[in-house]
Amino acid sequence: MNKVSKLLKAIRLILQRPALLNLVLKDEAVLKANFQKEFPGLQLQEMDMFLWPEAAALRITPYAFLSGSSMVTDFALLQLLCRRYKVATYLEIGTWRGESVANVAPFVSEAFTLNLPDETLRQMGQNEAYIQSHRFFSSQLKNVTHLFGDSATFDWTPYQQKCDLIFIDGDHSTEAVQRDTQTALQLRKSENSILVWHDAKADGEYPRYEVLLGIYRALPQELHSKLYLVKHALCAVYLPDGAEASHIALNALPTRAFEIELKNINL
Ligand SMILES: C[S@@+](CC[C@H](N)C(=O)[O-])C[C@H]1O[C@@H](n2cnc3c(N)ncnc32)[C@H](O)[C@@H]1O
C-alpha cells in the first residue's frame with residue numbers, strides 16, 4: 001500500500017473511530033518531542049537504590065507475577081524508602097490487588113490506599129474478575145485503611161500535611177498524573193516527605209514521557225533537581241534529601257546483576 005492510500009485508510013478509520021487519534025497523540029515519540037519542547041535542556045537523571053546499605057538485605061513479599069504487576073524492584077524501592085527514611089504514614093493512589101501496599105505495610109505505622117469504588121469500575125464496563133481482584137493482598141492487613149473514590153474528586157482534607165511518603169499509581173494519563181501530583185504535594189507532612197510515581201519508565205531503562213510530562217508540569221521547578229528516575233525499576237522518586245545521580249544512559253552495558261530465589265507462598 002503506498003503512502004497516500006495508507007493516509008486515506010487511516011483518515012477513514014479515524015473518522016469511524018475517533019479514539020484511534022490517541023494512538024498518534026499518545027505515541028511516545030510524540031510525547032518525547034512535547035516534553036523536550038516544554039522542558040528544553042532538561043536532562044533526566046537516575047538514582048541507584050542499590051547503593052544504599054539498607055539494600056543489602058531485601059525480601060519482597062507478596063509478589064504475584066500477574067498481568068500489570070509492578071517490577072520486584074518497584075516494591076524494593078518502596079520498602080527501602082520506608083526503612084531508610086523511617087516512614088510512619090504511607091498513602092497511595094491506586095490499590096488494585098493491594099500488592100504494593102501489602103509490601104509496604106510491615107515497614108510503616110499506617111498505610112492508606114485509595115481506589116475507584118468497585119461500583120464505579122462496574123459502570124466503566126470493567127469485567128467482574130478484575131473488580132474481584134481488588135484488595136486481594138491487603139484486605140486483611142490491620143494497619144491498612146482502604147479509601148474509595150476518584151482521586152480527582154476525593155475529599156483529601158483529613159490527609160493533608162499527614163503523609164511521609166505518597167505513591168502515585170492510579171490513572172497514568174498526563175493530566176491525571178499532573179493532578180495527582182498536585183494533590184500529593186498537599187498531602188506531604190513536611191518538606192522532607194517523599195513522592196514516588198509508578199510507570200514513569202516504560203521498562204528498566206526507557207523513560208515514559210506520558211507520565212513524566214504530568215510529573216514535571218505539577219512539580220514546582222525548584223524541586224526538579226531532586227527528581228530521579230530509579231535504576232532497574234519503573235518508578236520516579238522525589239527525594240528531598242537528594243541522591244547520588246547520573247544522567248540516564250540507554251542500552252548501557254549491565255553494571256550489576258541479581259540472583260533471585262523464588263519461593264511459592266501458598267495462599
Ligand atoms: C496500576 S493499578 C495499582 C497497582 C498497585 N499500586 C500495585 O502496585 O499493586 C491502578 C489502580 O488505580 C485505580 N485508579 C485508576 N484511576 C483512578 C482514580 N482516578 N482514582 C482512584 N483510583 C484510580 C484503578 O482502578 C487500578 O486499580
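Start by selecting Glu38 and Arg217: the two form a salt bridge, and their closest N and O atoms are 2.8 Å apart. A salt bridge here is a side-chain nitrogen of Lys or Arg within 4 Å of a carboxyl oxygen of Asp or Glu. Before you click on, know that this is a predicted model, where local features need pLDDT of at least 70, side-chain atom pairs count only at pLDDT 80 or more, and totals for chains, interfaces and linings use all residues. Residues are numbered from 1 along each chain as its sequence is written, and side-chain values use heavy atoms, with hydrogens and water left out.

Seven residues from domain 1 and nine residues from domain 2 make the contact, meaning heavy atoms within 4.5 Å.

**Stop three: the interface**

How many salt bridges does the rule find across the interface of domain 1 and domain 2? One. The rule also finds three residue pairs in polar contact there, with both residues at pLDDT 80 or more. For a polar contact, look for a pair of N or O atoms within 3.5 Å; within protein, one must be able to donate a hydrogen and the other to accept it, and residues adjacent in sequence count only if both atoms are side-chain atoms.

About 750 Å² is buried between domain 1 and domain 2, and carbon and sulfur atoms give 66% of that area. Buried area is the accessible area (1.4 Å probe) that two parts lose on being put together, summed over both.

Zoom in on Thr61 and Pro62: the peptide bond from Thr61 to Pro62 is cis, with omega near 0°. Pro62 sits in the loop between strand E1 (45-47) and helix H4 (72-84). Helices (H or I, at least four residues) and strands (E, at least two) are DSSP runs, numbered from the N terminus.

Next, pick Arg135, in the loop between helix H7 (128-132) and strand E4 (144-148). Arg135 is not a glycine, yet its phi is positive, about 70°.

Finish at Gln161, in the loop between E4 and strand E5 (165-168). Gln161 has a positive phi too, near 55°.

Is Arg135 buried or exposed? Arg135 counts as buried because its relative accessibility is 17%, while Gln161, at 58%, counts as exposed. The cut-offs are under 20% relative accessible area for buried, over 50% for exposed, and partly exposed in between (1.4 Å probe, protein chains only).
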